[in-house]
Amino acid sequence: MTTVKAYASPSSTENLIPITVERRAVGPHDVLIEIKYAGICHSDIHTVRGDWGPQQYPLVPGHEIAGVVTEIGSAVTRHKVGDRVGVGCMVNSCGECVNCQAGEEQYCLKGNTGTYGAVDRDGTITQGGYSTHVVVTEDFVVTIPEGIELDVAAPLLCAGITTYSPLRHWNAGPGKKVAVVGLGGLGHMAVKLAHAMGAEVTVLSQSLKKQEDGLRLGADHYFATSDPGTFEELASSFDLIINTVSASIDISSYLQLLTLDGALVNVGAPADPLPVNAFALIGGRRSFAGSMIGGIPETQEMLNFCAEYGIGAEIEVIPAEKINDAYERVLASDVRYRFVLDTATL
Ligand code: NAP
Ligand code: ZN
């Protein structure tokens with residue numbers, strides 16, 4: 001075991017503070033990663049604040065990990081010392097169920113092991129990426145291709161794959177009209193990725209404050225949802241809507257924006273339910289769906305796609321002492337577009 005520096009939430013109501021955590025000894029299939037950067041995802045905030053249910057504290061969040069391999073176990077074949085690697089939202093799964101076999105480990109029928117706040121195979125509670133080092137089984141460690149800097153790569157491990165996966169599954173591409181609801185961490189990645197895939201992209205944001213950014217990131221159109229005229233003008237126009245909003249919104253009014261057979265895919269995970277008016281669905285044979293991160297093979301595919309298209313996240317790198325301020329800014333939709341912790345400051 002090794003004792004390493006980290007930042008943790010002591011309870012659902014207190015600010016994060018510096019602590020140390022124990023990392024297990026490197027087993028035969030494990031990789032020791034020196035974490036360089038860790039993205040701050042809204043899910044970290046939902047989790048530590050208890051939005052998704054009770055947690056065990058202290059809790060070290062962080063599931064957008066980018067770093068370098070510094071030690072490998074005797075049986076490791078996928079990675080070597082010095083490799084630039086990433087870890088996302090999960091660090092293990094059963095490996096045997098039909099979903100794991102299909103490379104969709106996030107939907108493991110026995111439940112995937114989350115990067116933090118989950119019971120690990122040795123019975124301890126996993127602790128995440130706001131830390132200097134982590135030990136992860138090699139199968140859940142992906143390669144960050146040359147050409148993507150580690151700081152802008154970190155957010156790809158959650159925000160990137162969570163938007164890439166539904167865009168691919170619902171066939172975003174040339175001739176498809178895709179709307180992205182919410183221009184935050186996930187939303188800005190959805191815009192970049194859908195644009196690179198060749199889709200016509202529209203941002204639906206609360207206001208026009210970030211319009212210039214949205215267009216620069218690759219959107220073709222930008223509308224404010226605070227303007228009721230937006231919903232009239234865009235009625236029945238999108239093939240696919242990706243909802244990234246962290247709060248409960250009126251889904252039915254967004255469903256009306258879908259064309260015949262269109263799909264609204266929810267990736268936002270608010271604590272409150274998202275009620276739906278049945279007529280908004282049946283009126284256009286529309287679908288309301290959900291999607292959770294992506295499997296390990298698809299995460300590697302997404303990273304390779306990002307390297308090919310020169311895509312990284314838009315980031316603001318912060319020292320550890322700014323984590324609590326960053327949380328408040330994320331909650332106020334004041335993030336452009338991902339805070340990334342520099343772990344050298346822990
Ligand atoms: P974020 O950076 O805070 O972005 C969310 C955006 O939603 C905000 O920037 C804002 O965009 C909009 N928004 C916030 N509050 C709103 C409100 N009350 N009404 C309307 N719009 C609002 O968060 P994130 O890190 O992208 O995460 C977004 C959500 O996805 C969170 O719930 C997170 O837990 C979830 N998530 C899910 C998965 C998954 O696997 N499905 C993975 C990661 C994260 P505008 O200012 O442009 O309106
Ligand atoms: Zn996340």
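This is a predicted model: local features need pLDDT of at least 70, side-chain atom pairs count only at pLDDT 80 or more; totals for chains, interfaces and linings use all residues.

Biologist: Leaving aside its neighbours within four places in sequence, which residues is Leu193 in contact with?

Modeller: Beyond its neighbours within four places in sequence, the residues in contact with Leu193 are Gly160, Thr163, Tyr164, Leu167, Phe305, Cys306 and Ile311.

Biologist: Which residue of E9 does Val85 stand opposite?

Modeller: Val85 and Val87 are buried on one side of strand E5 (residues 84-87), and Arg84 and Gly86 are buried on the other. In a regular strand, side chains alternate between the two faces of the sheet. Strand E4 (residues 65-72) pairs with E5 in the antiparallel sense over 4 bridges, and Val85 is the bridge partner of Gly67. E5 also pairs in the antiparallel sense with strand E9 (residues 142-143), over 2 bridges, where the residue opposite Val85 is Thr143.

Biologist: How many disulfides does a search of the whole structure find?

Modeller: A disulfide requires cysteine sulfur atoms within 2.5 Å. For Cys100, which is buried at 8% relative accessible area, the closest cysteine sulfur is that of Cys108 at 3.7 Å, too far for a bond. For Cys306, buried at 0%, the nearest cysteine sulfur belongs to Cys158, 13 Å away. Over the whole structure, the number of disulfides found is 0.

Biologist: How many residues apart in sequence are the parts tied together by Arg84 and Glu146?

Modeller: These two residues form a salt bridge, with their closest N and O atoms 3.7 Å apart. Arg84 is buried at 19% relative accessible area, whereas Glu146 is exposed at 66%. Since Arg84 lies in strand E5 and Glu146 in the loop between E9 and helix H3 (150-153), the pair ties together parts whose separation in sequence is 62 residues.

Biologist: In the salt bridge of Arg121 and Asp30, which residue counts as buried?

Modeller: The side chains of Arg121 and Asp30 meet at 3.2 Å, N to O, and they link parts of the chain 91 residues apart. Arg121 has 54% relative accessibility and counts as exposed. At 4%, the buried residue is Asp30.

Conventions
Residues are numbered from 1 along each chain as its sequence is written. Chains are lettered from A and ligands numbered from 1 in the order in which they are written. Side-chain values use heavy atoms; hydrogens and water are left out. Contact means heavy atoms within 4.5 Å. Buried means under 20% relative accessible area, exposed over 50%, partly exposed in between (1.4 Å probe, protein chains only). Two strands pair if DSSP finds at least two bridges between them. A salt bridge is a side-chain nitrogen of Lys or Arg within 4 Å of a carboxyl oxygen of Asp or Glu.
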